[in-house]
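Q: Hey, can you walk me through this one? I'm new to reading structures.
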Amino acid sequence: MNFCIKTSYCALVFLFSQCIHANPTMFSDVINPNSNQELSQNDWRNSSLSMDKFIDDLLEKMTLDEKIGQLDLQSGYRGVTGPFVNAAYEQQIRNGNVGAIFNAYGAEFGKRLQTIAVEQTRLGIPIIMGHDVIHGHKTIFPQSIGEAASWDLEAIRLSAKIAAKEASADGIMWTFAPVADIVRDPRWGRVSESVGEDPLLTSAISVARVKGFQGEDISLDDTIMATAKHFVGYGASQAGRDYNSTDISEHSLWSLYLLPFKAMLDAGVTTFMTGFNDLNGTPVTGNRYLLEDVLRDKWGFKGFVVTDYTAVKELVAHGYAKDEKHAAQLAFNGGADMDMVGQTYLKYLKLLIEERKVSEARLNGAVRRILEMKWRLGLFADPYRYHDDKRAAQRILTKENLAAANDMARRSMVLLKNHNQTLPIDTKKINSIALIGPLADNRYDMIGNWAGAGDRGAQPVTVKEGLESILGEDVTTRYAKGATHSYLLSHTGMSSLMDIDVPVSGQTVQDLQTEIDEALKIAKESDVVVMVLGEDQRMSGEASSRTELSLPGNQQVLMEALRSLNKPLILVVMSGRPNDLRWADSNVDAILHAWYPGTMGGQAVADVLLGKYNPAGKLPMTFPRTVGQVPLFYNHKNTGRPIGSANPAHTPAEYTSRYDDSLNSPLYAFGHGLSYTQFEYSPPILSSEKLTPKGELTITVQVTNIGDRKGEEVIQLYTHQKVGSITRPIKELKGFQKLEFAPGETKNVKFTLTPADLAFFRADMTWGTEPGEFDVMVGGASNQVQTLAFTLTD
Ligand code: BGC
């Protein structure tokens, strides 16, 4: 667990003590390979050797301790308390115990640490500096699930590129992203970091991010190394509870969870991070099959593998290793090259090598891979190339970066409902807007969780500011907080679920009522009511699972009170997961999902509410009606008794696969998202009813913008194979195109299918096709499609 990132949960004093606990070696004895401190005589800058020769030479010179030091990744605690360094910590670097650090950004700060590594260790090997640059470094873009809702690969690539540009100018050369965990359970807090439930969309977006971060070559300026994480299956944490075990069939593992990782590998991702999860009985951090047989041998991965935070140590708690030494042996032999924070390699690898439980060849292989990345990053040629203050000033929080963040935020928004075209707000017809909700004038939550080095203070633009910047003096904006968007009660401890009643906000029932009354008052005086509600950003992200999907706090009470006024009622949701929006769907006039939209989020929300931008986002994850339907995803199997298959002769309706108290269908389907204009789809046309093994098929559909406003539409293509050697999902996304249409414009949209698109892991686990009948579906959402049939021939 990364205690140190979660600043806001606790007082600084508490954090400080947690940080010390999280890194026990800060004040403890560590191996010191270099007790006779001598300054490095090595200046690699002028080496003319090839990478392989250079590393051969360096490996020859390195002692066992120096090699083991390269496998250690430590946390520098930046981002919590500022550059947090003391003599003991710097001594770790001086001792050669640090191959890489993270949470240690800032050009000047990084330079200070790099100087120790380069000038005060025997060999002068530079360190890699990493950080969780997940959706921006200082200019914060929308949370990952929000970016995914744009279905806009180019905008997402640009977002990662800008993040890399800012981070690399600020001393960072490695990000722990993209997160490519497929997720089907919105209770899991890390949904917000993901791309959602679909393997094709997750693969495409993860590849766009790898390209954005790494550019053409990680030796170039403005690029950083990316990390494919969390390898693999972490998103299937049972019951949506973080860090829980995972149990995934071989077919699902290969057909779903591994696909985005293979795609990132093919796109050249330089590092992989293991997950925290126990997968089918073998924790992934010690999983030789996955890390060695699949990743290295079958897929040919050449980069290095880092563990997640203290994941090696955790093999003991998993019941997989008998002690930390055993854990180090299993994780290292299992294929994990670098140990994040736990320092088990530092403490035990030498002994394990002496006892011949770990081979020197394995050690040399891991060290070589890490040195190769240092070489490819250009660190041997110029160890200070990421530490130039002037570059930071030119690259960070520039006008262009902020404009791109605004653009991405607008693209991420999904219009879930728009009864009677309540949105966009027609400012010519109104005099006043009541802007209500705990997220309406809130900078802190705007940038979501894992928000890099983003500022939660002055920087983010709130919705109130966004609206006021556009609205002239003719329209008055009145604001009231109205409700609390976090748990009303806090848990005193983990021993019992609700064993207390400490109001989180310190508010009394009377305080809460006063807030609602204030909201009602301004709503009564206004023509339109805009509620900006959702979750406190700390309710999603790591270690933030929920059992409920409802809007937290007393927001439901607020919504119901406002509804009673019978004014046009608009809901903007800010949240990192699909919530239960049943009541809102039936009772408010329009719903816009804004996720956590980032530094420019309030401006982007205002642009959409006031019609300066026409929303085009589509859901990357199914929104269930109720938490009781979870897991609910569009690409499920048909079952032997699908709903709708009732036949009075033998299967009455109640004996089909259904609930007694809910519909099966979601509230909002995967791929759903409205626009201020409307798109009409012609009947699609197939080029043939047969697809031969070497042939191709085209599906053409005419899409027309029948409204009077410019707009974008994501046209989605799905297939379903009717019979297979294993049962096939009822629908699988096979392609999508996001296109812009002028008012009245028609476009011929063409998709091409080849047999390769129809391949899957067959019953015998081989990858390939099976001839037979298929449905092909095209439309603007997974539940809004037109269907045609074709046959894949022998
Ligand atoms: C998270 C990782 C993250 C790491 C470093 C862990 O707790 O699971 O996703 O990269 O911390 O901050």
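Q: Let's start with the open sheet: how many strands form it, and in what order?
A: Keep in mind that this is a predicted model. The open sheet has 5 strands, and they go β21-β29-β28-β23-β24, with mixed pairing.

Q: Which strands are at the edges?
A: β21 (690-691) and β24 are the edge strands, as each of them pairs on one side only.

Q: OK, and how do β23 and β24 pair?
A: They're antiparallel: β23 (residues 711-721) and β24 are joined over 9 bridges. To pick out one spot, Glu 713 has Leu 739 in β24 as its bridge partner.

Q: What about β28 and β29, which way do they run?
A: β28 (residues 772-781) and β29 (residues 784-792) run antiparallel, with 9 bridges between them. Glu 773, for instance, sits opposite Thr 791 in β29.

Q: Switching topic: where's Leu 371, and is it buried or exposed?
A: Leu 371 is part of helix α15 (residues 360-376). Its relative accessibility is 0%, so Leu 371 counts as buried.

Q: What does Leu 371 touch, apart from its neighbours within four places in sequence?
A: Leaving those neighbours out, Leu 371 is in contact with Ile 55, Leu 58, Leu 59, Met 62, Gln 70, Ile 125 and Phe 380. There's also Phe 54: it is 317 residues away from Leu 371 in sequence, but their C-alpha atoms are 9.7 Å apart in space.

Q: And Lys 67, which helix is that in?
A: Lys 67 is in helix α3 (residues 64-69). Setting aside neighbours within four places in sequence, its contacts are Leu 59, Met 62, Leu 363, Asn 364 and Val 367.

Q: How far is Lys 67 from the nearest side chain of opposite charge?
A: That side chain is Glu 360, 4.5 Å away. Lys 67 is buried, yet it has no salt bridge.

Q: How far are the polar side-chain atoms of Arg 190 and Asp 308 from an oxygen atom of the ligand?
A: For Arg 190 the distance is 2.7 Å, and for Asp 308 it is 2.5 Å. Asp 132 also has a side-chain N or O atom 2.5 Å from an oxygen atom of the ligand.

Methods: Residues are numbered from 1 along each chain as its sequence is written. This is a predicted model: local features need pLDDT of at least 70, side-chain atom pairs count only at pLDDT 80 or more; totals for chains, interfaces and linings use all residues. Side-chain values use heavy atoms; hydrogens and water are left out. Two strands pair if DSSP finds at least two bridges between them. Helices (H or I, at least four residues) and strands (E, at least two) are DSSP runs, numbered from the N terminus. Buried means under 20% relative accessible area, exposed over 50%, partly exposed in between (1.4 Å probe, protein chains only). Contact means heavy atoms within 4.5 Å. Lys and Arg count as positive and Asp and Glu as negative; His and the chain ends are not counted. A salt bridge is a side-chain nitrogen of Lys or Arg within 4 Å of a carboxyl oxygen of Asp or Glu. A polar contact is a pair of N or O atoms within 3.5 Å; within protein, one must be able to donate a hydrogen and the other to accept it, and residues adjacent in sequence count only if both atoms are side-chain atoms.
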